[in-house]
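Dear colleague,

Please find below the sequence and the structure for your records. My notes on what was found follow directly after them.

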Amino acid sequence: MSTYYPRTKDLTRTRKSLTDSPPSSPSPTEKSYRHDRLSRYDSSGESATDKPLGRTSSYTRRETRLAALNKQEQDSTTKDYKKMYTEALHENERLKSRLQDSKQELSKIRSQLEKVTQRHERISERSTVLESEKREKQALEKKVSGMEEEIKILTELKSDNQRLKDENGALIRVISKLSK
């Protein structure tokens, strides 16, 4: 126990010297004191020399248990990352296939649109041709109706001419009988 007290005394001296000194960059001696102090403390913050010998095994068991729990957490997070990675890969593949399907569908729709556009152009060309044909037909119908009217007039004139010829011949006969 005599070795136990001097270390504690040195530790309290180091603490006092550290707290009394103004904040500045630590000197090499202060660094070594701090290193000594830190090396004497375990993760629980108690001095290794302050622990009774019976408690050391419980602390090591606790540390072992904590390390095992940490390892399990790391394994589970690693597994979670692996699982998330595989899920992300699966999702990417699914999205790639959907994208490919969409591209194929888009190309089909584009080809259909081109066909419909070509048909529409042909139909519009046909409709323009049909419209011009309709106009021509109407113009021809007007000409035909005009010609029919002229034919009617001509037939009437011919019949009038024939009638006049007949009347003229009858008058000539009458005049010739009167002159005899």
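The protein has three helices and zero strands, where helices (H or I, at least four residues) and strands (E, at least two) are DSSP runs numbered from the N terminus. Along the sequence, the pattern reads α-α-α.

This is a predicted model, in which local features need pLDDT of at least 70 and side-chain atom pairs count only at pLDDT 80 or more, while totals for chains, interfaces and linings use all residues. Residues are numbered from 1 along each chain as its sequence is written, and side-chain values use heavy atoms, with hydrogens and water left out.

Confidence

The mean pLDDT (the predictor's confidence in each residue, from 0 to 100) is 77 for the protein, and 67% of its residues reach 70 or more. Where pLDDT is low, the predicted coordinates should not be read in detail.

Surface and burial

The protein exposes about 16,600 Å², of which carbon and sulfur atoms supply 57%. Accessible areas come from the Shrake-Rupley method with a 1.4 Å probe, and for residues only the protein chains shown count as cover. Of the 180 residues, 4% are buried; buried means under 20% relative accessible area, exposed over 50%, and partly exposed in between (1.4 Å probe, protein chains only).

Salt bridges

A search of the whole structure returned five salt bridges, each defined as a side-chain nitrogen of Lys or Arg within 4 Å of a carboxyl oxygen of Asp or Glu. The following are among them.

- Arg62 and Glu63 form a salt bridge whose closest N and O atoms are 3.9 Å apart. Arg62 is partly exposed at 38% relative accessible area, and Glu63 is partly exposed at 34%.
- Glu91 and Arg94 meet through their side chains at 2.4 Å, N to O. Both lie in helix 3 (residues 53-179), three residues apart, which is about one turn of the helix. Arg94 is partly exposed, with a relative accessible area of 33%, and Glu91 is partly exposed with a value of 33%.
- Asp160 and Arg163 are joined by a salt bridge with 3.7 Å between the closest N and O atoms. Arg163 is partly exposed at 42% relative accessible area, and Asp160 is partly exposed at 34%. About one helical turn separates Arg163 and Asp160, because they are three residues apart in helix 3. Salt bridges with shared partners link Asp160, Arg163 and Glu167 into one network.

Surface patches

Patches are made of residues with over 30% relative accessible area and no salt bridge, with like charges joined within 9 Å and nonpolar side chains (Val, Leu, Ile, Met, Phe, Trp, Tyr) within 5 Å. Lys and Arg count as positive and Asp and Glu as negative, while His and the chain ends are not counted. The place of a charge is taken as NZ of Lys, CZ of Arg, CG of Asp or CD of Glu.

A patch of positive charge on the surface brings together Lys115, Arg119, Arg122 and Arg126; Arg119 is located in helix 3. Ile153, Leu154 and Leu157 make a nonpolar surface patch of about 290 Å². Ile153 also belongs to helix 3 and is partly exposed, with a relative accessible area of 46%.

With kind regards
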